[in-house]
Amino acid sequence: MNPTLRLAPVLGLLLLLAACATGRPYAEAAADIPPLTPAQGRIYLYRTVVLGAAVQPPVRINDEVVGAAVPGGFFFVDRAPGEYRVSTATEVTRTLSLVLAPGQVRYVRLNIGMGFFVGHVWPELVEEAEGVREIATTRSAVK
Amino acid sequence: MWARLVLLAMLPLVLAGCPFDVSFLKTEPAVFVAQPDCGKPFILGRAETIGMGTGFTTRLRQGTRWQCIGQVHAGLVYRTADQVVTVEASNIHEAQAVVNQGRLVGFYLPVERAWAPVNPPVELMTEAPK
C-alpha cells in the first residue's frame, strides 16, 4: 500500500482531534467559574459529540454570538432573567426558546445530526442532572 | 457539467441561515394572565407521551408536581420544576401545560406567547399533593 494512504487515517484522526475543544477539563475550569449572582441566570452550552467535528457553527443567544459549537467543549453565559432564543446555523437555522429565572441554571446540549451538505447542529434543553453529568466530560471552549 | 457543479456548490450558501421549517408546530397567539395558585396543584399519576403531529413527542413524567401559574383562553397554565418540558418540531420550544377540566388541551409557549393545541385532548390521571 502507498505509504501516504497508510498515513491517511492517522492524519484524519489528528485533524479530528485538532477540531475538538482544547481548553481545561471542566472539573479544573469549574473552580474558576464565578458564582452566579441572584439577580441573574446562567446558561451552560456544551457539545459532547465529536462526530462532524469540522462543523462548528456560532451559537447565538437572541441574535448575539456567544460562542461556537466546539466538539467536546462547553461555555456559559450569565443573563438577566427573561426569555431567550438559542440558535445555531449551518445550512439551516435551528432555534431553542427557553425562559431563564433569577438564580436559575439551564443546560443546553448542542446536538449534531445529518444534513444535506453539512451536519446540522441544534440546541436542546436538557435536565439539570443530565447537563451536570455530561458537561463533566467536556473542556472549556472559551478561547 | 461545470455549471451544475457550481450550482450545487452554491446551494449551501443559499440555504445557510434559512429557518428550518420542515416540521411545523401549529400554534396560535395566546394572552397569558399570570395568576398564582389559580388552580389546584397536582401530581401526575401516570406518564403521558403527547404527540403534536410534528414527528416528535413530549413526555410528561409520572410523579411530577405541577403548579398553576396563570391562564390562557383555553385553560389553566401549569408549570413543573421536576422536569424540562419542551415541544419540538423543526425548532424546540420550552412549554407549559394547558389544562382544562382535568384534560391536557395544549401547551403554552411563554417565549412565543402562543399556545399549541393537543388534538385530541389527553385525560390526565392526577393525584393531590400530600
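Predicted model: local features only at pLDDT ≥ 70, side-chain atom pairs only at ≥ 80, totals over all residues.
Strands here are DSSP runs of at least two residues, numbered from the N terminus. Is B:Phe32 buried or exposed, or something in between? A residue is buried if 20 or more other C-beta atoms lie within 10 Å of its own, and exposed if 12 or fewer do. B:Phe32 has 18 C-beta neighbours inside 10 Å, so it counts as partly exposed.

Which residues does B:Phe32 touch, leaving out those up to four places away in sequence? They are B:Gly70, B:Val72, B:Val77, B:Tyr108 and B:Arg113. Take B:Tyr108 from that list: it is 76 residues from B:Phe32 in sequence, while their C-alpha atoms are 8.5 Å apart in space. For chain B as a whole, residues 24 or more positions apart account for 50% of the contacts with a separation of 6 or more.

B:Arg113 sits in the loop between S12 and S13 of chain B. Strand S12 (residues 103-109) and S13 of chain B form a hairpin with four residues between them, and the two strands pair in the antiparallel sense over six bridges. In this pairing, B:Arg103 stands opposite B:Glu123 of S13(B). B:Arg113 itself has a phi near 50°, a positive value in a residue other than glycine. With 14 other C-beta atoms within 10 Å, B:Arg113 is partly exposed.

Now follow strand S13 (residues 114-123) of chain B. Two bridges join it to S2(B), and these strands run antiparallel; here B:Glu28 has B:Trp115 as its bridge partner. S13(B) also holds B:Pro120, and the peptide bond from B:Asn119 to B:Pro120 is cis, with omega near -5°. Stepping back, the secondary structure of chain B comes to one helix and 14 strands, and buried residues make up 31% of its 130 residues.

Next, let us visit chain A. Its open sheet has five strands in the order S8-S7-S1-S4-S9, and the pairing is mixed. Why is one side of S8 and of strand S9 (139-140) of chain A left without a neighbour in the sheet? These two strands stand at the edges, each with a single partner strand, so one side of each has no neighbour there. Helix H3 (residues 128-135) of chain A packs on the sheet, touching S1, S4, S7 and S8 of chain A. The direction of H3(A) makes about 65° with that of S7(A).

S1(A) and strand S4 (residues 73-79) of chain A pair in the antiparallel sense over seven bridges, with A:Phe74 in S4(A) as the bridge partner of A:Tyr46. S1(A) and strand S7 (residues 105-113) of chain A run parallel, joined by five bridges; there, A:Arg42 has A:Val105 as its partner. S4(A) also pairs with S9(A), in the parallel sense over two bridges, and A:Phe74 stands opposite A:Ser140 in S9(A).

How many of the seven residues of strand S1 (residues 41-47) of chain A are buried? Six are, so the strand is largely enclosed by the rest of the structure. In a regular strand the side chains alternate between the two faces of the sheet.

The largest nonpolar core has 29 residues, and those with the most contacts inside it include A:Tyr44, A:Phe74 and A:Val108. Strands S1, S2 (58-61), S4, S5 (82-89), S6 (92-100), S7 and S8 (120-126) of chain A each supply at least two residues of this core. A second, separate core of 28 residues includes B:Leu76, B:Val77, B:Ala89 and B:Val118.

Finally, how confident is the predictor? The complex is given an ipTM of 0.82 and a pTM of 0.84. Chain A has a mean pLDDT of 87; among its elements, helix H1 (residues 3-18) has the lowest mean (57) and S1(A) the highest (98). Chain B averages a pLDDT of 88, but over its residues 11-17 the pLDDT is below 50.

Conventions. Residues numbered from 1 in each chain as written. Chains lettered and ligands numbered in written order. Contact = placed C-beta atoms within 7 Å. Pairing = 2+ DSSP bridges. Core = buried A, V, L, I, M, F, W, Y, C linked by C-beta atoms within 7 Å. pLDDT = per-residue confidence, 0-100. Axes fitted to C-alpha atoms, helices over the stretch in contact; angles between N-to-C directions.
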